[in-house]
Amino acid sequence: APCLNVPITCRGRILGVMSFVSQDVDTVTQEQKDLLLCIGQQVGIAVESLRGLQELVQNKELLQTVFDGITDQLVLLDRDLRIRMVNRAYLKRFKVDFADIVNRPCFEVHAGLDNICPGCSLDKVLRLGTPATDEIETPAGESFLIHFYPVWGSDGQVQNIIRYAREITEKKKVDQKIQQTEKLVALGQLSSGMAHEINNPLGIILCYVDLLKRQLTDLPQGLEDLEVIEQQTINCKNI
């Protein structure tokens, strides 16, 4: 049977073909053919848009998979500081559903405030476009190191901000123990040095006490006084 083929095109590329099979194909006018060509172009644009949408969905799913694979808290904020994406670690930490926090400002979700949290570096990241780091401690005594990274848009402005939070509670405890140990070691070295420096003159005193005892054998009172000096010097060495 006669066939009329109409290309499905988009941006000069042929994406497919629409085939019309009919005995009356020869009766199709030029205006009808032009209309079919326009329809083919519109179908091509629709097909290309669907392909782009599919790629976008796949990229978003891939990005979410990467986000969820990170065990530290990760949040993607827009320039208005609204939450656009979070990972599984974040949801687990705050015990929330994504639907409850998406498109809400981070300061509202985290602190129940109407404006950016006092001392937060997000404002500096937006103004200067440079990464920043904060260290915070929760009321429960947990410590977090928070990094902010700007993401630039095609207009040269900060389009998004990545908020990366790592818990350092245990690390800080270990660091404090190490510092305490270092202090104890330094104190021990100081004590050891002082004991050595004090023992030297005490040893000399005991040596001279021994010499005087030999010279004062005929003076009982003198020997008794030397015994007192010797005993007190030995006490100092023991201390």
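**Contacts, cores and helices**

Tutor: Let us begin with S121, which touches A132, T133, D134 and F148 when residues up to four places away in sequence are not counted. Please keep in mind that this is a predicted model.

Student: Where is S121 found?

Tutor: S121 sits in the loop between α4 and α5.

Student: Does S121 count as buried or exposed, and why?

Tutor: S121 counts as buried because its relative accessibility is 9%, and the cut-off for buried is under 20%.

Student: With which side chain does the side chain of S121 make a polar contact?

Tutor: The partner is the side chain of D134, at 2.5 Å.

Student: Changing topic: how many residues does the largest nonpolar core have?

Tutor: The largest nonpolar core has 18 residues, and L77, I83, C106, L122 and I161 are those with the most contacts inside it. At least two residues of this core come from each of β3 (73-78), β4 (83-86), α4 (106-111), α5 (122-128), β6 and β7. There is also a second, separate core of 8 residues, which includes V6, I8, L15 and V25.

Student: What is L77 in contact with, leaving aside its neighbours within four places in sequence?

Tutor: L77 is in contact with R82, I83, R84, C106, L122, Q159, N160 and I161.

Student: R84 is in that list. Which strand does R84 lie in, and what does R84 touch?

Tutor: R84 belongs to strand β4. Not counting residues up to four places away in sequence, R84 touches L76, L77, D78, F98, V102 and N103. At 41% relative accessibility, R84 counts as partly exposed.

Student: And D78, where is its place?

Tutor: D78 is in strand β3 and is buried, with a relative accessible area of 6%. Beyond four places in sequence, D78 touches R84, Q159 and N160.

Student: Which backbone nitrogens does the side chain of D78 reach?

Tutor: A polar atom of the D78 side chain lies 2.9 Å from the backbone nitrogen of D80, and the D78 side chain reaches the backbone nitrogen of R82 at 2.8 Å.

Student: What about L81: what is its phi?

Tutor: The phi of L81 is near 65 degrees, a positive value in a residue other than glycine. L81 is placed in the loop between β3 and β4, and is buried, with a relative accessible area of 6%.

Student: Now aromatics. How many aromatic pairs does the structure hold?

Tutor: The structure holds 1 aromatic pair. Y90 and F94 form this pair, which is tilted, with 4.7 Å centre to centre and 45 degrees between the planes.

Student: Where do Y90 and F94 lie?

Tutor: Both lie in helix α2 (residues 88-94), 4 residues apart, which is about one turn of the helix. Y90 is buried, with a relative accessible area of 0%, whereas F94 is partly exposed, with a relative accessible area of 32%.

Student: One last topic, helix α6: how many residues does it have?

Tutor: Helix α6 (residues 169-215) has 47 residues and reaches 69 Å from its first C-alpha to its last, close to the 69 Å expected at 1.5 Å a residue.

Student: Which residues of α6 are buried, and what do they pack against?

Tutor: The buried residues of α6 are T169, L202, L206 and V209. They pack against β6 (143-152), β7 (158-167) and α7 (220-238).

Student: And E224, in which helix is it found?

Tutor: E224 is found in helix α7 and counts as partly exposed, at 48% relative accessibility. E224 and K213 are 11 residues apart in sequence and 9.4 Å apart in space, C-alpha to C-alpha.

Key:
Residues are numbered from 1 along each chain as its sequence is written. This is a predicted model: local features need pLDDT of at least 70, side-chain atom pairs count only at pLDDT 80 or more; totals for chains, interfaces and linings use all residues. Side-chain values use heavy atoms; hydrogens and water are left out. The expected span of a helix is 1.5 Å times one less than its number of residues. Buried means under 20% relative accessible area, exposed over 50%, partly exposed in between (1.4 Å probe, protein chains only). Contact means heavy atoms within 4.5 Å. A nonpolar core is a set of buried Ala, Val, Leu, Ile, Met, Phe, Trp, Tyr and Cys residues joined through side-chain atoms within 4.5 Å. A polar contact is a pair of N or O atoms within 3.5 Å; within protein, one must be able to donate a hydrogen and the other to accept it, and residues adjacent in sequence count only if both atoms are side-chain atoms. Rings of Phe, Tyr and Trp (its six-membered ring) pair if their centres lie within 6.5 Å; planes under 30 degrees apart count as stacked, over 60 as edge-to-face and the rest as tilted.
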